[in-house]
Amino acid sequence: MNSLTHVDFNLTILEEEVCARDIVEKNINELSASGKDDAFYVADLGDVVKKHLHWTRALPRVQPFYAVKCNPSRVVVMALATLGVGFDCASKSEIQLVQSVGVEPGRIIYAHTCKQPSHLQYALEHGITMMTFDNEAELEKIAHCHGHAKLVLRIITDDSKSLVRLSNKFGAPLKKSRVLLERASELGLEVVGVSFHVGSGCTDPQAYAHALSDARYVFDLGAELGYNMNLLDIGGGFPGKEHTKLKFEEYTAVINPALEKYFPVNSGVKIIAEPGRYYVASAFTLAANIIAKNVVMQEQSASDENGIGTSDRTLMYYVNDGIHGSFHCSFTDGSPALQSLVKRPKQDELWHPSSIWGHTCDGHDCIVERTLLPELQIGDWLLFENWGAYSVAAYSGFNGFQRPDTYYVVSRVAWQYLQQVHGQGMPVSMQG
C-alpha cells in the first residue's frame, strides 16, 4: 500500500500546546506579509484519527467504509487507508483515487445505484465486485457489464425526519424486494446483502431500528429464495461535529441493541457503514478573506437584548469563496453559522446587521443572509469551522475561481500513531 510518505503536501506536526487555529493565524500572517489573500483550509488529521478510534469503541461490530464523495482529499483517503478503513465509491474517479493509494478491491463498495456502463466495466477490470442496486434495469445492466458482481439490495427507509432525504431518489420499496431478488436469480447474479440510508441530519435515531427490522425481513426473504446473504450496510448520515441536535452516542445507543436483536454476532453477517461527514466535518477549518464591502444604510443605533451595542448601519461583506465553492453544501445543510473572527472586536464596539456574500457574479451567491458583526475592513479574515463535509468536494470553479489550498496539521501523538499503524516512519522532509 502507498502511504503518507509518498505524497507531497503541506503538513505541520503540532506539539501538544499548539492547536489548529494557531496554524490558521500563522498562515494568515505569512500570506499577508507576502501580499497574498487567497482563501485556504487547515485540516487536522489528528481529528480524523480521533474520530476513527471513537468509532471503533462506539460501534465495534460496524466496519466503516468512508464515503469518498464527502471529501475526496487524497491525504485524508491515505490516512484512513492506513487506519484500515474501507471506502464507499460512487464513480470511476473515486475508485481510481482509492486504488491509487493501494487499497485492495475487497475494501471498496461501489455504492451507487445508477452506475455508468463504462464505469461498471472499469470496476470489472479492476476487481471491484461489491456494489448496490435498487431496480430491475440496474440488474440487467450489471448482468450485461459485470456478471461477477456481488450485489447489495438497497431498500427505502423512512427518512422523513432527516434534513437531507435520499429515499426520494434511491432505494427499492420493501414490497418490491421479492421481485428484484427473483429477477437477480433469473439473470444468474449473486445477491450478498442489503443496504439502507436513513438520510443525513436524522433527528430520530429510531429510524435505524426500523430500517434494521426491514433489512432483517429482506435477509429472511433472500434465504427463502435460496440466497446466502452475509453483508449488511447501514449507510451514513452520522454527525461529524460536537454541537449537533443529537450526539453520535444517541445513534449508537439505538444501533447496537438493534443489531444484536436482528443480526446477532452468531448470524455471521458482516456489518459495514458509509460515514462521510463523521470523519471530516470537524477536521477542516476554512479561512476566507474579505475582498469587498458595501454600506447599505445608516439609521439610529440601538442595543440588543444582551446589551451589546448594535446599529442599523447594515453592511455587506464579500469574501473569496462562495456557494459555487466551499459553501455549495449550504443548499442542503443550511446557511453556515460564522464561527469566529481572526480580528478581535474591541470592548463596547458597535455590532452591525451584516450579510456575507460569495465572490462570483451570481446574485444568489449569499453565504450568510443576516448576522451581527463588528465593523470589518477589506483584508480582514473570517473563519468557518467544522467545514470539511461536502465543501472541498463540491467546488465548481465557476467564474474561474480556484479551489482553496489545504494545509494539513497533526498532533505528534496522532502522527506517531499513524506511523505505528502503518509500520514505518515518515521522512523529515514531509514534516512541513
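The largest cavity in this predicted model is lined by Ala111, Thr132, Arg154, Ser195, Phe196, Asp233, Gly235 and Glu274. A cavity here is a set of points, on a 1 Å grid over the protein atoms alone, where a 1.4 Å probe fits but cannot get out, and lining residues have an atom within 4 Å of a point. By this rule the count comes to 1 cavity of 30 Å³ or more. The largest cavity has a volume of about 50 Å³, a volume being the space filled by probe spheres set on the points, with grid points joined across faces, edges and corners. Its lining holds 2 nonpolar, 3 polar and 3 charged residues. In this sorting, Ala, Val, Leu, Ile, Met, Phe, Trp, Tyr, Cys and Pro count as nonpolar, Asp, Glu, Lys and Arg as charged, and the others, Gly among them, as polar.

A word on reading the model: residues are numbered from 1 along each chain as its sequence is written, and side-chain values use heavy atoms, with hydrogens and water left out. Since this is a prediction, local features need pLDDT of at least 70 and side-chain atom pairs count only at pLDDT 80 or more, while totals for chains, interfaces and linings use all residues.

Let us turn to the largest pocket. A pocket is an open set of points with protein on both sides within 12 Å along at least five of seven lines. The largest one has a volume of about 990 Å³. It is lined by 37 residues, and Asp44, Asp47, Lys50, Glu242 and Ser282 lie nearest its centre. Which elements each supply at least two residues of this lining? They are helix H1 (20-33), helix H2 (45-58), helix H9 (248-262), strand E13 (284-297) and helix H12 (412-422). H2 gives the most, with 7 residues. Helices (H or I, at least four residues) and strands (E, at least two) are DSSP runs, numbered from the N terminus. Sorted by class, the pocket lining has 16 nonpolar, 9 polar and 12 charged residues.

H9 also leads us to the helix packing. H8 (residues 206-224) and H9 pack at an angle of about 20°, with their axes 8 Å apart. Axes are lines fitted to C-alpha atoms, for helices over the stretch in contact, and angles run from 0 to 180 degrees between N-to-C directions. H8 and H9 are therefore roughly parallel to each other, as angles under 35 degrees count as roughly parallel, over 145 as roughly antiparallel, 65 to 115 as roughly perpendicular and the rest as oblique. In their contact (heavy atoms within 4.5 Å), Gln206, Tyr208, Ala209, Leu212, Ser213 and Arg216 in H8 meet Tyr251, Val254, Ile255, Ala258, Leu259 and Tyr262 in H9. By class, this contact has 9 nonpolar, 2 polar and 1 charged residues.

Glu136, Leu139 and Glu140 in H6 meet Val179, Leu180, Arg183 and Ala184 in H7. This contact comprises 4 nonpolar, no polar and 3 charged residues.
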